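Please keep the sequence and the 3D view open, and look for each part as it is named.

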Amino acid sequence: MIVYRRLPRLLSRAVARREVALRAALVGAVRPEGARNLSSEAAAKSEQLEFQAETRQLLDIVAKSLYSEREVFLRELVSNAADALEKLRYTQLKGEEIEDPTAPLQIQISLSENFKSITIEDNGIGMTREELVSNLGTIARSGSKEFMKRASDDKEASNIIGQFGVGFYSAFMVGSHVTVMTKSAKPGSVGYVWNSNGADGYEIAEAAGIPRGTRIVIQLQDDALEFSKKDRIREVLKKHSNFVGFPINLDGAQVNVVEPLWTRKSSEISEEEHAELYQSLSGRRDNPLYTMQFAVETPVSIKCVLYVPQFMPQFDLTNISNFGISLYSRKVLVQSQSPKLLPEWLMFLQGVVDSEDIPLNLSRELLQESVIINKIKSVITGKMISYLNRQAKRDPAKYAEFYKEFGRFLRIGLVSTESQTEKEDLAKLLRFESSKEEPGVMISLDSYMERQSEDEKSIYYMSAPSRDIALQSPYLESLQQNNIEVLLSYNKEDDVVLFKLDAYKDKKLISAESANVKRTTSDVETDNPDRLDKKTGKKLSSWIRDSLGRENVKEVKMSDKQHSQPAVVMVENLTQLRRYLEMAPPEQRESSYKYLLHNNVVLELNPEHPIIKQLATLKDTNPEVAGLVAAQLFDNALMNADLVNDPRRMVSRINQLLKAVTDSAGKNSADDSQPIIDTSN
């Protein structure tokens with residue numbers, strides 16, 4: 001029997017002659033000692049078989065569709081070759097006999113620009129005739145079978161390659177004809193040759209002179225000749241198969257790294273090696289600020305190495321698909337950027353995750369919905385939070401550098417997570433200045449709690465544009481007088497974060513602006529003769545509320561919280577209400593503001609302050625000026641609370657007050673009956 005006697009019937013005679021010459025040349029070029037006189041040594045007649053229906057449909061799609069990533073065919077075939085070598089190694093470990101047991105395990109790739117071909121060969125487990133039919137004649141074991149049930153239109157069908165690894169069939173993405181030569185590793189096995197053009201079924205023939213393993217010869221289509229060029233193939237191998245665990249030789253020279261860095265013990269890896277991988281993945285020239293490497297077996301088996309850059313990368317936040325770490329399956333690249341492996345707040349990470357639990361043919365659609373992917377995401381998130389906490393304790397100064405660059409991402413994580421446990425874990429990473437520390441010194445929530453007395457049940461914080469403004473805030477007065485430490489934040493995002501967190505280790509987080517902490521009893525002179533008595537204070541409070549308009553303020557009352565300020569406003573859930581006003585549509589902002597004042601704002605007056613005491617008299621002697629003073633006191637208090645909707649409305653009132661002051665200064669020369677202010681304008 002002549003192995004190459006019959007070629008697919010629809011090929012022209014010219015093509016047939018070229019293929020015969022091609023195969024003869026390739027057989028001799030790739031393994032001359034194993035392919036000598038192959039045709040003359042053939043010992044059995046060939047057999048023509050039909051493809052399974054699903055396989056024919058798949059091959060039709062491959063033949064008729066255009067793909068943006070045709071290069072994945074090489075990834076698929078190299079991965080199959082690596083699997084065959086791994087199976088052979090496992091067979092040896094079990095003590096089973098194999099043919100040629102001392103031969104080194106490797107993958108050979110040979111190119112021929114003259115014959116427009118590429119050959120992928122391994123000396124792995126090989127195939128019997130039954131395995132040839134099962135593996136190459138059907139798609140029963142391919143991840144594409146289920147997809148084929150849904151491939152009802154060209155758009156969906158055109159996405160199959162690159163989303164589903166179709167294994168061997170991907171050869172027809174670039175090949176007009178494929179020849180497979182294989183021999184099982186079992187001693188005494190017979191070799192076989194498999195031929196197909198991907199359209200008319202396939203031919204199997206028994207053949208002698210074939211060594212153990214599998215050799216795939218692809219005659220390239222005219223529009224795929226780039227895959228006969230060494231530089232292009234080297235590029236594809238480096239991208240997709242650089243870390244396959246067996247040597248890959250391209251025309252005799254090894255092109256891959258056999259042992260990926262993430263599969264080695266961390267103690268054996270130098271900083272220089274980590275820097276090289278980080279720079280390769282990120283395209284940056286700096287070294288990583290942090291390096292985390294780990295391996296786990298449960299709840300999912302993964303090996304992972306992650307890098308934190310020294311500086312925040314540039315992100316297109318409108319397109320979150322442009323970040324992610326590289327996903328490998330058994331050292332074979334599945335996706336170079338897999339955003340679904342990370343929560344959005346960890347988008348700054350670079351690195352690799354390799355899992356044996358992920359099938360190579362996992363589609364991008366399934367990557368979004370896969371239970372395995374969600375488990376990997378959960379493991380990475382938990383490990384990174386724990387790692388950063390350890391680093392923060394080990395080297396606070398270095399962690400401060402990290403927090404300066406990436407603190408915003410931690411805030412995003414805390415606000416976006418629904419897990420209370422994860423919130424508290426992320427809260428450990430937050431840092432703030434303190435009213436009891438020098439400027440620039442940052443402390444954690446845990447450090448704050450360690451310094452509290454046993455009777456303190458809350459954590460207080462103050463948000464302001466700067467430290468000076470924060471320390472001058474009237475809301476800090478009673479807290480400082482009670483020797484209560486206050487966390488200082490100069491970032492409005494912290495308002496939202498701390499409000500969302502609500503509590504930390506059973507201690508309530510309270511904004512200083514909402515704190516109900518009175519001055520110490522010894523500091524309040526209740527019998528001070530210059531202090532407004534309760535009856536006078538109550539009358540003044542009622543008058544001011546009427547003057548402001550009861551629709552503009554919920555309540556006006558006397559309070560002992562303040563010492564230096566004449567008045568402050570107290571608002572429950574002040575942070576939430578600020579955000580509500582900021583988010584209100586422009587046309588609704590004024591009405592929303594009035595609603596806020598009427599239902600939430602309490603004006604608290606200091607009965608010891610000179611302005612309040614004088615106002616109690618002025619409301620009777622000059623109610624017009626008293627009304628202006630009361631309104632300005634209210635706006636000043638709102639301004640301290642960052643609740644002024646439109647400060648321009650104060651200008652006219654301030655001018656009137658200035659006129660009243662200047663009129664009062666010259667009253668000795670003025671007619672006492674003349675009005676102090678002109679209310680006609």
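This is a predicted model: local features need pLDDT of at least 70, side-chain atom pairs count only at pLDDT 80 or more; totals for chains, interfaces and linings use all residues.

Five bridges hold strand β5 (residues 191-196) to strand β6 (residues 202-207), and the two strands run antiparallel. Within this pair, asparagine 195 stands opposite glutamate 203 in β6.

**The nine-stranded sheet**

- Strands β5 and β6 belong to an open sheet of nine strands, which follow the order β1-β6-β5-β4-β7-β3-β2-β8-β9 with mixed pairing.
- The edges of this sheet are formed by β1 (47-49) and β9 (253-254), each of which pairs on one side only.
- Helix α4 (residues 72-93) packs on the sheet, where it touches β2 (107-112), β3 (117-122), β7 (213-220) and β8 (248-250), and its direction makes about 20° with that of β3.

**Strand β2 and its two neighbours**

- Strand β2 is mostly covered, since five of its six residues are buried.
- On one side, β2 pairs with β3 in the antiparallel sense over six bridges, and serine 110 stands opposite threonine 119 in β3.
- The hairpin of β2 and β3 has four residues between the strands, and in this hairpin lysine 116 takes a positive phi near 55°.
- Strand β2 is also joined to β8, by three bridges, and these two strands run parallel; the bridge partner of isoleucine 109 in β8 is leucine 250.

**The five-stranded sheet**

- Another open sheet has five strands in the order β15-β17-β16-β19-β18, again with mixed pairing, and its edge strands, β15 (433-434) and β18 (503-504), each pair on one side only.
- Inside this sheet, four bridges join strand β16 (residues 458-463) to strand β19 (residues 507-511), which run parallel, and tyrosine 460 stands opposite isoleucine 510 in β19.
- Helix α17 (residues 492-501) lies across β16, β17 (487-489), β18 and β19, and runs at about 160° to β16.

**Nonpolar cores**

- The largest nonpolar core has 107 residues, and those with the most contacts inside it are Phe402 and Leu603; helix α22 (residues 623-640) gives the most to this core, with ten residues.
- Leaving aside residues up to four places away in sequence, phenylalanine 402 touches Leu289, Tyr290, Val308, Phe348, Leu388, Gly407 and Leu410.

**The chain as a whole**

- The chain contains 23 helices and 22 strands, and of its 681 residues 51% count as buried.
- Among the contacts in the chain with a separation of 6 or more, 71% are between residues 24 or more positions apart.
- The chain exposes about 33,300 Å², of which carbon and sulfur atoms supply 48%.

Definitions and conventions. Residues are numbered from 1 along each chain as its sequence is written. Side-chain values use heavy atoms; hydrogens and water are left out. Two strands pair if DSSP finds at least two bridges between them. Contact means heavy atoms within 4.5 Å. Axes are lines fitted to C-alpha atoms, for helices over the stretch in contact, and angles run from 0 to 180 degrees between N-to-C directions. A nonpolar core is a set of buried Ala, Val, Leu, Ile, Met, Phe, Trp, Tyr and Cys residues joined through side-chain atoms within 4.5 Å. Buried means under 20% relative accessible area, exposed over 50%, partly exposed in between (1.4 Å probe, protein chains only). Accessible areas come from the Shrake-Rupley method with a 1.4 Å probe; for residues, only the protein chains shown count as cover.
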